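Dear colleague,

I am handing over to you the structure shown below. My findings follow it, arranged by topic.

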Amino acid sequence: MRIMSIGFFAGILGCQMAAVLPSSEGVQGLLLGAAAGFLLAAVVAWLRMPAVAKALLLLATVLAGWGFAAWRAELRLADSLPMALEGQDVTVTGVVAGLPQDFERGLRFTFRVESGVEGVPEMLSLAWYKGFRDDEWHTLPALHAGERWRLTVRLKRPHGNVNPHGFDYEGWLLEQGIRATGYVRPDRANLRLDAFVPGIMNLVERSREHIRARFQEALPDAEYRGVLLALAIGDQRAISQEQWQIFARTGIAHLVAISGAHVTMLAALVAGALGWAWRRCPWLALRWPAQQAAVLAGFLAAFGYCLLAGWGVPAQRTLYMLGCVALALLLRRETEPSRVLAFALLVVLLIDPWAILAAGFWLSFGAVALLLLVGSGRLRTAGWLHEGLRAQWAVTLGLVPALLVLFQQFSLVSPLANGIAIPLISFIVTPLAIAYALVPLQMFADLAHMALAATMVPIEWLAEFPMARWQQAAPPPELAVLATLGCLWALLPRGTPVRWLGLAMLVPMVMWTPPRPPPGEAWVAVLDVGQGLAVHVQTANSDLIYDTGPAFSADANSGERILLPYLRAMGVRRLDTLVVTHQDNDHAGGAEAVLAGIPVGAVLFSLPENHPVRLIADHRGRACAAGQGWEQDGVRFSVLHPVGGSVPRKSNDASCVLQVEAGGRRVLLSSDIEAVSEAGLLGRNPAALASDVVVAPHHGSRTSSTPAFIAATSPHWVIFPVGYRNRFRHPNPEVWARWAASGARLLRTDASGAVRIRLGAGEVQVDAAREAFPRYWHGR
């Protein structure tokens with residue numbers, strides 16, 4: 001079982017990291033090769049050659065895993081939205097398949113299509129907006145899980161931002177089975193057809209919705225209501241960003257998800273209670289052993305809780321492990337813990353081969369494997385306190401490489417924070433939250449919130465420590481593998497030779513720093529932030545951010561979701577300069593988050609007097625003005641626009657224009673200037689505009705990129721920072737054609753992802769993230 005699970009895991013991992021899927025013939029070849037390998041392994045085992053048989057079995061399961069994952073991927077990708085239907089109004093009939101989620105401008109929900117236009121995928125992610133402007137807002141109808149609706153929708157194929165070390169939204173959609181996204185169009189034909197469609201999952205989702213409403217009514221203004229909802233039904237979207245930051249700094253984020261500990265705890269409570277009652281009923285005890293009845297009851301309780309909690313990977317893993325133990329006890333068979341974990345791994349991957357893409361998969365199975373490592377091979381047992389401390393040390397140390405690869409940080413106060421939070425949340429808060437979910441007594445909700453609030457007092461205190469967490473750049477894979485091996489060696493039982501060497505193997509990873517440009521060079525990254533602009537300019541010893549992308553809602557912006565994680569992964573701990581070119585949301589929407597999330601030396605801006613960024617910047621800020629400039633590490637930065645003291649009619653024409661020059665090569669960052677500003681630049685010093693790379697003015701709108709400006713800049717590369725199928729239809733086809741006619745090579749961030757440029761004495765080097773980090777699902 002263990003060899004098969006490891007091989008199957010390796011095969012699926014190889015497939016999910018691939019840029020392209022094998023052809024149908026290739027998939028058949030992989031599966032036939034696996035079948036031949038299994039047969040040959042059986043023959044070799046019969047010939048009593050166990051080592052060769054195990055090697056053949058491992059190879060066969062790798063081929064089986066790769067072929068299985070590729071087959072499943074082709075089936076899912078086949079359910080795709082035809083390009084001809086993108087942006088078209090289509091009418092579909094289906095069922096609200098998940099919990100509808102409120103957001104600032106409307107509702108978001110998953111919709112399972114039953115009928116409609118041919119080619120529309122089965123699962124859709126939809127938004128239903130109250131309106132796009134304040135003057136057109138209207139009330140939305142109540143929307144509930146399990147309802148059948150006929151809706152007019154406008155759809156697009158799955159698409160997400162692609163940045164170095166960024167979240168892969170397209171991969172996440174693929175795992176969720178969502179093959180198109182879109183929004184509901186205002187239409188009188190939008191109609192609720194049935195108040196409830198019978199079905200097990202519809203009943204589960206409706207139950208989750210009722211429980212959520214019950215918590216909202218019982219704790220309307222409670223600070224930690226969102227955490228209690230996460231513990232009871234797995235709905236984490238009501239947890240504030242500030243609370244997530246506290247959980248991350250203290251290393252207890254796993255406790256506010258439906259973790260294996262919660263599932264196991266509930267199963268143990270139910271099994272213990274039923275076993276106690278069963279033994280006191282002679283009629284029942286004589287007909288079926290109490291232990292077997294208790295085990296079955298515990299498994300069914302865990303299954304119900306996993307359904308109610310949203311069926312996440314940690315919950316699934318625990319359920320399958322409990323199922324394996326329950327089956328063994330029912331059949332009166334002995335099972336090794338490692339075989340149980342291998343069985344759970346195999347079942348999870350068979351059901352969901354994309355689970356391997358989720359951070360929770362690695363952390364969940366990794367934590368259990370570490371607990372098995374430190375809990376086995378011991379000659380004598382220690383006290384419960386010693387065992388608990390050893391387990392906490394194993395998980396804290398053993399997950400450091402994974403946490404640095406996935407999140408570029410780990411908590412230094414995690415052992416103490418978990419020592420406080422685990423018993424309180426697992427044995428008091430979670431049972432009370434579940435009790436209120438099942439039995440709506442106000443007392444349970446109040447006690448759960450009081451216990452959680454008391455737990456958070458020392459946790460928040462720990463989070464305020466200046467060195468509460470370690471942050472660094474994302475380590476390369478080879479150092480992460482070396483550190484993982486070191487952690488495993490260090491956690492082996494006492495008596496293992498040179499265990500200290502394992503800790504020493506961590507040093508290269510935690511001391512690693514990413515390469516930076518040599519003096520006289522600059523690396524420029526035009527990030528993929530959708531319909532907006534954000535650029536990172538790095539020299540040998542400095543970092544500059546030029547614009548910060550859009551704010552998506554009151555609670556989400558590209559500064560928080562894209563820029564700060566990107567900077568952390570790149571090892572940037574301080575910005576020397578932040579340039580906010582003008583007040584438009586798609587350029588300044590993430591500025592406040594950046595200023596709050598990372599130290600910033602100086603702020604250049606072209607903003608109104610009362611703009612929040614000016615107030616936050618305070619003494620660090622100054623207005624952009626043509627003629628400003630500075631040199632850093634042999635790289636020249638020059639502000640070309642606006643002219644100091646001028647008051648443009650449009651905010652776009654107040655945009656800061658910055659030129660970066662290294663080794664005689666130039667990049668022109670033009671923000672949102674339009675034809676009027678272009679004419680001003682041409683009138684002042686047209687020769688200064690010549691650049692090797694130009695970020696197209698105003699995303700390539702028809703009001704910019706005049707023929708004279710194109711001729712003056714005469715670039716080799718032009719980059720259009722645009723969102724996929726944006727409502728402004730940028731870039732304008734005529735503008736695109738004008739730049740193409742100039743002989744420049746054109747890139748757009750919605751098709752290329754982030755674009756990275758290397759400026760120096762040699763040729764300008766340009767590469768795109770979607771080419772550098774390809775995945776088979778990108779663009780499909």
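To begin with a pair of strands: E25 (residues 755–759) and E26 run antiparallel and are joined by four bridges. Please bear in mind throughout that the model is predicted. The two strands, E25 and E26, form a hairpin, with five residues between them. One of the pairings can be named: Arg756 has Asp767 in E26 as its bridge partner.

Next, the cysteines. The count of disulfides comes to one. Cys624 and Cys656 are the residues joined, with an S to S distance of 2.0 Å. The torsion about their S-S bond is about 105 degrees, so the disulfide is right-handed. What does the pair tie together? Cys624 sits in the loop between strand E17 (621–623) and strand E18 (629–632), and Cys656 in the loop between strand E19 (635–641) and strand E20 (657–662), so the pair ties together parts that are 32 residues apart in sequence.

Cys624 has a relative accessible area of 6%, so it is buried. Cys656, with a relative accessible area of 2%, is buried as well. Two further cysteines may be noted here: Cys15 counts as buried at 1% relative accessibility, and Cys487 is buried with a relative accessible area of 1%.

Finally, a pair of helices. The axes of H12 (residues 337–351) and H13 (residues 359–375) come within 10 Å and cross at roughly 170 degrees. That angle makes H12 roughly antiparallel to H13, because angles over 145 degrees count as roughly antiparallel.

Which residues meet between H12 and H13? From H12 they are Pro337, Ser338, Leu341, Ala344, Leu345, Val348 and Leu349, and from H13 they are Phe361, Phe365, Val368, Ala369 and Leu372. The residues of this contact divide into 11 nonpolar, one polar and no charged.

With kind regards

Conventions:
Residues numbered from 1 in each chain as written. Predicted model: local features only at pLDDT ≥ 70, side-chain atom pairs only at ≥ 80, totals over all residues. Heavy atoms only, no water. Pairing = 2+ DSSP bridges. Disulfide = S-S within 2.5 Å. Buried < 20%, exposed > 50% of the residue type's maximum accessible area, 1.4 Å probe, protein only. Axes fitted to C-alpha atoms, helices over the stretch in contact; angles between N-to-C directions. Parallel < 35°, antiparallel > 145°, perpendicular 65-115°, else oblique. Contact = heavy atoms within 4.5 Å. Nonpolar A, V, L, I, M, F, W, Y, C, P; charged D, E, K, R; others polar.
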